[in-house]
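Visitor: Could you walk me through this model? I'd like to ask as we go.

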Amino acid sequence: MIILVDNIVQNGSEDESEILELAFAAGYTNNYLHKIELKKYHTKHFLNEKKIDNLKILIEEKNCKKIIFSDVLRSYQIANLEELLDVEIMDKVMLVLEIFENKANTTDIKLQVEMAKLIYAKPKAGARLSEAVMKERVGFGAGGEQVGSVMISDIQNRIKSIEKKINEIKKQSIINEIIEIPKIPIVGYYSAGKSTLFNILTSDERETSKDAFTTMVLKTGRCEVTGYPIDIIDTVGLVSLPNNVMSAFDLMLNKIFSFNGIISCINISKSEKFSEIQINDFLKYVEKFNIEGNVRVLFILTKVDLVDEMTIKNVKENIHNLEVFDDYEIIVSRSDRSDDIRKNFIRAFESLFEDNLTEFYYQNLQPSIASKLHNIARVDEQIWNSDGTTSMSGIGPTNLLEKIKGEFIQ
């Protein structure tokens with residue numbers, strides 16, 4: 001039996017529990033959810049004495065071998081709780097990294113997950129070392145201190161080894177290419193509807209699931225609902241991580257946050273507090289990559305059929321009050337109204353990227369040029385001439401139009 005300790009003050013909902021979803025995704029099915037209200041953390045043990053006593057009773061009643069917290073604990077708090085309760089303690093970060101480890105299926109992702117786990121484990125090993133030194137040594141160099149020192153040294157050496165491998169992958173992946181087709185990643189929490197949106201915009205059939213972190217590998221699909229090509233990128237679910245742990249995933253995150261446009265999916269079905277948490281965590285990533293004023297964001301509010309109009313209005317107002325992004329749009333989406341999503345996406349995209357799009361009117365084009373134009377732009381009107389040439393008008397990405405324009409205008 002696993003006891004899941006859910007701090008309802010921190011997570012903003014008494015009805016829905018994120019920790020349950022995460023535990024299930026990690027393969028823990030025999031769980032007992034223990035809800036607590038914790039506004040103030042105990043410095044040494046995270047929980048106060050009364051809540052620890054309650055856990056001791058639960059551990060005995062449920063024959064518990066592991067406790068998983070919905071909060072992020074400090075390394076010494078984990079060590080102190082394990083000492084007091086005599087069971088394994090995990091926090092939210094450790095649980096998420098375990099899910100990542102289970103689902104990682106490429107070399108680069110496996111390396112990044114291992115790096116993150118080592119970075120997060122290092123302070124805990126330090127806490128173990130301090131505990132061993134305090135309890136076991138009679139004089140300098142006692143057994144506990146030696147074991148702890150070796151453990152920390154092994155972690156440091158392993159981190160350096162992985163960093164070297166990741167840097168090699170970075171060098172191999174650097175391609176000096178000009179991005180001609182607009183590329184937009186879809187980001188957001190797990191189960192926020194990213195893969196569903198990806199499928200709607202690309203006519204793909206990518207796996208969707210209620211399980212956390214179904215998507216671990218970035219996938220690019222061609223979106224042509226606008227009439228001109230756009231590449232949409234489905235990404236791994238975002239999650240709040242400490243900055244040092246987040247840095248372990250720079251290889252993946254740099255790809256996601258390197259474009260000048262982002263689709264941010266916000267699941268508003270649980271509570272306004274949870275919506276706020278998602279938005280704030282998205283802002284942490286935006287801040288990390290220093291793209292506040294340079295990125296255009298299309299916020300898509302998902303699962304809106306599960307809330308009332310007032311909730312939708314309040315979430316929109318929270319986004320308007322951010323004052324972080326110079327250019328953004330907000331649309332709402334329901335997966336059962338795909339046509340509406342496509343229409344709203346076209347409107348929002350063309351509003352955000354107006355300066356990257358060009359309206360055109362070309363006359364007397366040869367059929368071969370007309371065919372190429374159809375592949376890179378949306379043709380709104382086309383008239384064939386008696387001599388076999390054609391006149392065309394429409395809209396498309398400026399750089400693609402400039403490239404093809406050179407083929408028929410000297």
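Visitor: What should I know before reading it, and how are residues numbered?

Guide: This is a predicted model, in which local features need pLDDT of at least 70 and side-chain atom pairs count only at pLDDT 80 or more, while totals for chains, interfaces and linings use all residues. Residues are numbered from 1 along each chain as its sequence is written, and side-chain values use heavy atoms, with hydrogens and water left out.

Visitor: What is the average pLDDT of the protein chain?

Guide: The protein chain averages a pLDDT (the predictor's confidence in each residue, from 0 to 100) of 84, and 86% of the residues score at least 70. Over residues 137–144 the pLDDT is below 50, and beyond near neighbours in sequence this stretch has 10 contacts in the model, a contact meaning heavy atoms within 4.5 Å. Where pLDDT is low, the predicted coordinates should not be read in detail.

Visitor: OK, sheets. In what order do the 4 strands of the open sheet come?

Guide: The order is β2-β1-β3-β4, with parallel pairing; two strands pair if DSSP finds at least two bridges between them, and helices (H or I, at least four residues) and strands (E, at least two) are DSSP runs numbered from the N terminus. Because β2 (31–36) and β4 (88–90) stand at the edges with a single partner strand each, one side of each is left without a neighbour in the sheet. Neighbouring strands here are turned by 20° against each other on average, direction ignored; axes are lines fitted to C-alpha atoms, for helices over the stretch in contact, and angles run from 0 to 180 degrees between N-to-C directions.

Visitor: How many bridges join β1 to β3?

Guide: Strand β1 (residues 2–7) and strand β3 (residues 66–69) run parallel and are joined by 4 bridges, and Ile2 has Lys66 in β3 as its bridge partner. Helix α4 (residues 75–85) packs on this sheet, touching β3 and β4, with its direction at about 150° to that of β4. Helix α2 (residues 18–25) lies across β1, β2 and β3, running at about 145° to β1.

Visitor: And the sheet of 3 strands: parallel or antiparallel?

Guide: That open sheet is antiparallel, in the order β11-β13-β12, with β11 (357–365) and β12 as edge strands that each pair on one side only. Its neighbouring strands are turned by 15° against each other on average, direction ignored. Between β11 and strand β13 (residues 390–397) there are 7 bridges, and Leu365 stands opposite Thr390 in β13. Helix α14 (residues 367–376) packs on the sheet, touching β11, β12 and β13, and its direction makes about 25° with that of β13.

Visitor: Switching topic, how many salt bridges does the structure hold?

Guide: It holds 15, a salt bridge being a side-chain nitrogen of Lys or Arg within 4 Å of a carboxyl oxygen of Asp or Glu. One of them joins Arg222 to Asp231, with the closest N and O atoms 2.5 Å apart, and Lys183, Arg222 and Asp231 are linked in a network of salt bridges.

Visitor: Is Asp231 buried or exposed?

Guide: Asp231 is buried, at 6% relative accessibility, whereas Arg222 is partly exposed at 39%. Buried means under 20% relative accessible area, exposed over 50%, and partly exposed in between (1.4 Å probe, protein chains only).

Visitor: Which parts do Glu350 and Arg378 tie together?

Guide: Their side chains meet in a salt bridge (2.7 Å, N to O). Glu350 lies in helix α13 and Arg378 in strand β12 (residues 378–384), so the pair ties together parts that are 28 residues apart in sequence.

Visitor: What about α11, which of its residues are buried?

Guide: Among the buried residues of α11 are Phe274, Ile279, Phe282, Leu283 and Val286, and what covers the buried residues of the helix includes β5 (183–188), β8 (261–267) and α12 (309–320). Just after α11, Asn290 takes a positive phi of about 55°.

Visitor: Where does Phe46 lie?

Guide: Phe46 lies in the loop between β2 and α3 (49–62) and is buried, with a relative accessible area of 1%. Its phi is near 70°, a positive value in a residue other than glycine. Most residues other than glycine have a negative phi.
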